[in-house]
Each structure stands twice: as C-alpha cells, then as structure tokens.
Amino acid sequence: MATVSLTLSAPDLSDAAFAARFHDVADAAAHTDGYRPFNEQAMLDARSGRRSPQLLLEGEDAVGAAIFGDGQIALVVHPRYRRRGHGTAALRRLFEDEGGMSGDLTAWAHGDLPGARALADRFGFSAVRTLLHLDRPLTDADAEASPALPDGVAITGFRPATADEPGDNADWVSLNALVFATHPEQGAVTESDLAVRQAEPWFDAGDLLLARETGAENAPAGRILGYNWIKIEPGSTVGEIYVLGVHPDAAGAGLGRALMVAGLSRLRQRGCTTVELYVEAESTGPVRLYRGLGFTDRTVDVQYHRWPR
C-alpha cells in the first residue's frame with residue numbers, strides 16, 4: 001500500500017505556493033478526464049476557509065488533492081499516480097486523523113469512474129444522487145432566436161443591490177429558495193452566497209435573465225416569475241446554464257423554454273460556441289426540456305453518502 005500523508009499547508013487557497021500545487025493536480029485531472037475534479041461550491045468553500053484544501057503527498061510529490069469539512073469529502077488522485085492505492089490510503093488516513101469521521105458524510109464522484117465506485121464501496125458509501133452533465137453546440141441560429149413569452153411577461157437583466165436601492169437580490173433569493181425548496185444545495189443559497197458569486201470575475205448582471213410580470217405601461221417592474229442565470233468564465237467559449245428556475249404559479253406556461261431560448265441566444269451573442277448544464281437525473285421535466293433543445297449527455301456525476309456509525 002502506498003504511503004500517503006495529508007498536509008494542510010494553509011487554511012484556504014490564499015497561500016500562493018500551496019494553491020499553485022493544488023491547482024496543478026486539479027488541472028492535470030481535468031485535462032485527462034475532461035471535467036473538473038472539484039465543483040464550484042467546493043472551490044468557493046476552499047477559498048473562503050469554510051472547508052479545508054489538502055495536498056496528498058508521497059515524499060515531495062503531490063499525488064492528489066482533497067477538500068474536506070462540513071461533512072463533505074472531495075478527493076482526486078493525479079492521473080500519473082492512479083491505480084497505486086493512493087485514494088484508499090488517503091481516505092484511510094483522513095478517517096484516522098478525524099477520529100473516524102463517524103457522522104454523516106457525502107462525496108461527489110465526478111464522471112462516476114469505476115475506481116471511484118470501488119473506493120466508495122470500500123469505505124461504506126452508497127450512491128444517493130445522480131447528476132447529468134449535458135452539453136450541445138451553439139450556432140448563429142441560437143443568437144437570432146426569439147423566446148415565445150407568455151402574455152404580460154418580459155425578460156430583463158438582474159439589478160444588483162446598491163447602497164441606495166435594494167435591487168433584485170432579496171426577491172431572487174426568495175424565489176430561488178421556493179423553486180429549489182427540496183434541493184440540498186441550491187435551495188439553501190442566501191443573500192450572502194449571492195454576494196460571493198457577484199464578486200466572482202465571471203459575474204455579469206446582464207447574464208442573470210429575469211422573467212417579470214409587466215406593469216400597466218408594459219414596463220418590466222413586476223414580480224419575478226422565473227430566471228435563467230448563465231455563466232461564462234473569462235476567456236472561455238463554453239457557456240453554462242448555471243441555474244434555471246420558474247415560479248410554481250407560472251409552471252406549464254412555457255416560461256422555462258422561453259428563458260432557455262433567451263439564455264442560449266445571449267450565450268451565442270457573447271461568443272460562446274458550446275453550452276453545458278447540470279441537472280438532477282430524476283428531474284424528468286427539466287431533463288425533457290433540455291433534451292428537446294438538443295442537449296446530449298457528456299458525463300454523469302454521482303453523490304455518495306455514508307450514514308453515521
């Protein structure tokens with residue numbers, strides 16, 4: 001069995017030397033696997049210090065990286081060092097260091113690779129959620145498409161809160177919580193979480209498309225009925241449908257499809273050539289909508305759970 005040590009070189013990723021080595025491992029895995037080993041929430045938590053970033057070391061070599069804390073584990077082994085027992089050794093060491101980690105634990109396996117399934121089974125984790133990663137190309141036809149909106153509804157950009165105006169922050173958070181009331185991550189987003197994302201280099205208020213009831217003079221000043229938040233990392237030609245939501249009162253009126261068409265149009269107009277999204281496999285309505293718009297499977301992510309012992 002490989003001898004692996006975990007070292008917490010910094011409480012967060014503000015340590016430049018540690019962060020460079022951590023990202024080198026993550027980038028190597030992404031290059032080999034075709035997808036990132038840590039999702040956005042894990043990286044936000046690691047940067048803020050909410051969860052602990054780790055390097056897995058064999059001597060001086062960084063053979064893997066991990067983020068853990070708050071009952072969650074994310075682990076990746078550098079492609080150069082895979083199939084040598086490093087994942088097993090790292091988890092065993094982690095469990096020993098944390099006193100057995102006897103509480104509720106969750107872990108995402110991005111790509112649902114056979115090695116991840118075997119590792120989960122070895123440590124008593126069971127699959128509880130499946131997340132589909134879908135994508136499709138964008139064309140000029142997407143840029144020119146016009147959404148078919150229900151009567152009395154208009155699409156506008158998001159208005160960030162300022163010192164003088166509340167903007168749309170509180171209303172969006174309230175609607176998001178309603179739409180995703182049963183979703184363990186998205187439904188828990190707070191105004192503070194929204195502010196963190198607004199500070200990210202990719203944030204553009206015009207990329208958070210809001211469907212509003214129109215006022216008496218057809219001015220978009222009414223209640224928010226839905227939204228499509230798109231995301232484009234700086235310099236990337238791959239855009240993401242970050243999160244799409246429709247108020248239950250507006251369900252069945254075609255608003256979700258209209259917001260999707262508007263989002264695809266904006267992504268293409270902003271230079272994106274591909275669009276991707278993530279959706280829960282059991283969300284049959286959204287999955288049907290996305291497949292009807294030409295999205296196909298790219299990868300499958302699985303969340304594993306280990307009950308208290």
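**Domain arrangement and interior packing**

1. The centres of domain 1 and domain 2, taken over C-alpha atoms, are separated by 33 Å. Domain 1 covers residues 7-101 and domain 2 covers 139-272, the bounds coming from an automatic or database domain assignment. The model is predicted: local features need pLDDT of at least 70 and side-chain atom pairs count only at pLDDT 80 or more, while totals for chains, interfaces and linings use all residues. Residues are numbered from 1 along each chain as its sequence is written, and side-chain values use heavy atoms, with hydrogens and water left out.

2. On the side of domain 1, Glu40, Gln41 and Leu44 supply 80% of the area buried against domain 2, more than any other three residues.

3. Which residues touch the most other members of the largest nonpolar core? They are Ile241, Met260, Leu267, Leu277, Tyr290 and Phe295, out of 24 residues in this core. A nonpolar core is a set of buried Ala, Val, Leu, Ile, Met, Phe, Trp, Tyr and Cys residues joined through side-chain atoms within 4.5 Å. Buried means under 20% relative accessible area, exposed over 50%, and partly exposed in between (1.4 Å probe, protein chains only).

4. Helix 8 gives the largest share, 5 residues. Helices (H or I, at least four residues) and strands (E, at least two) are DSSP runs, numbered from the N terminus. Leaving aside residues up to four places away in sequence, Met260 touches Asn228, Ile241, Leu244, Leu277, Leu289, Tyr290, Leu293 and Phe295. There is also a second, separate core of 18 residues, with Leu13, Met43, Ala46 and Ala65 among them.

5. The structure contains 9 aromatic pairs. Rings of Phe, Tyr and Trp (its six-membered ring) pair if their centres lie within 6.5 Å; planes under 30 degrees apart count as stacked, over 60 as edge-to-face and the rest as tilted. Trp202 and Trp229 make a tilted pair, at 6.0 Å centre to centre and 50 degrees between the planes. Because Trp202 lies in the loop between helix 7 (191-198) and strand 8 (208-213) and Trp229 in strand 9 (residues 224-232), the pair ties together parts that are 27 residues apart in sequence. Trp202 is buried at 4% relative accessible area, and Trp229 is buried at 1%.

6. Tyr290 and Phe295 are both buried. Arg136 lies over the face of Phe295, 5.8 Å from the ring centre; the criterion is NZ of Lys or CZ of Arg within 6 Å of the ring centre and within 35 degrees of the ring normal.

7. Asp70, in the loop between strand 3 (61-69) and strand 4 (72-77), has a positive phi near 55 degrees and is exposed at 61% relative accessibility. Arg83, in the loop between strand 4 and helix 3 (86-97), has a positive phi near 60 degrees and is exposed at 81%. Most residues other than glycine have a negative phi.

Key: Contact = heavy atoms within 4.5 Å. Buried area = accessible area lost by both parts, 1.4 Å probe.
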